[in-house]
Amino acid sequence: MSVLAGNFFADRASMEGKVAVVTGSASGIGLEFARRCALSFGMIVVMADVDGNTLEREAHRINAATPGRALPVRADVRRRTDAVRLLDVARNASPGRCVDAVLLNAGVGGAGVSVLRGSEADWRWVLDVNLLGVLFGLQVFSPAMAAQGRPGLVAVTASDRGLDVGGAPACSSGYATSKHGVIAMCESLEGELVSRDLDGRVQLSVLCAGLVNSNLWDDGRAEAQRDAPEGRTIASKESKRQIFERMGASVSDTIDEFLDGVARGKFICDSVPGTAQESFSRRAEYIVGGMMPSDRRVKWSKL
């Protein structure tokens, strides 16, 4: 566990009046985390999302309950300059110019972006948002928080698909690839922080969520925000929505579990207890057992 365990989100007193930045905060996990920061912990929250209209509406709702806590900023995580701008907004909102927590949460599902079918443009879109968007955030916020007057939390939303691809072949190739990269990136950053004696300045936590009842299922909405001539026209599937609603953990329960993991200083945090360990065990089993990846998919699908 982190040497900073107990410093973040252990109670309201430890976070009240401090500043958080949340990307992808117009909906889902990011929105719920932003709400908790403002309403439960009394923080000022810089809310960022590419969907400016929805972002403004949700920030207004938070400010109606606790005035002045939510600061909406339309931002595209694919641009490093937007990460720099978010850092500036957060520093200006803090009397000590400190950023106390950042959740790099923005992401897209990239439905149908597979190895054999996905176009270069589709792959670049998924990786630009899910992987490079996180990289830019880590490169901008981590050194800034390491150099400021008090320790900070750098948190990233990955996925259990970053521990084991799972699912039917090609169902989430682009997404899983990006999330594997995010976890590897965060593992590398953790080593860099330790080697520079900065692990006492920055706590790094990664949310490896399983299926969550968020709007990640809404492929049409994601494509509409893509803002590119090569964007696809995809109808959001009702069956997919029903799976998320029926089988996914609620965003509230997900954030409960995540915040508990953060408070305890965990690096890998669950959305449901044991999800990350179960996912990784599936991958470890086929590697240790000398199997093909598809062998363990068949085995687990029969359970």
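Author: The open sheet here has 7 strands in the order β3-β2-β1-β4-β5-β6-β7, with parallel pairing. Helices (H or I, at least four residues) and strands (E, at least two) are DSSP runs, numbered from the N terminus. This is a predicted model, in which local features need pLDDT of at least 70 and side-chain atom pairs count only at pLDDT 80 or more, while totals for chains, interfaces and linings use all residues. Residues are numbered from 1 along each chain as its sequence is written, and side-chain values use heavy atoms, leaving out hydrogens and water.

Reader: Which are the edge strands?

Author: Strands of a sheet pair through backbone hydrogen bonds, either parallel or antiparallel. Two strands count as paired if DSSP finds at least two bridges between them. Here β3 (70-74) and β7 (268-269) are the edge strands, each pairing on one side only. Strands β4 (residues 101-104) and β5 (residues 152-157) pair over 4 bridges, and A101 has L153 as its bridge partner in β5.

Reader: At what angle do helix α1 and helix α8 pack?

Author: Two packed helices are described by the angle between their axes and the distance between the axes. Axes are lines fitted to C-alpha atoms, for helices over the stretch in contact (heavy atoms within 4.5 Å), and angles run from 0 to 180 degrees between N-to-C directions. Helix α1 (residues 28-40) and helix α8 (residues 251-263) pack at about 65°, with axes 9 Å apart. Among the residues that meet are F33 and R36 in α1, and I255 and F258 in α8.
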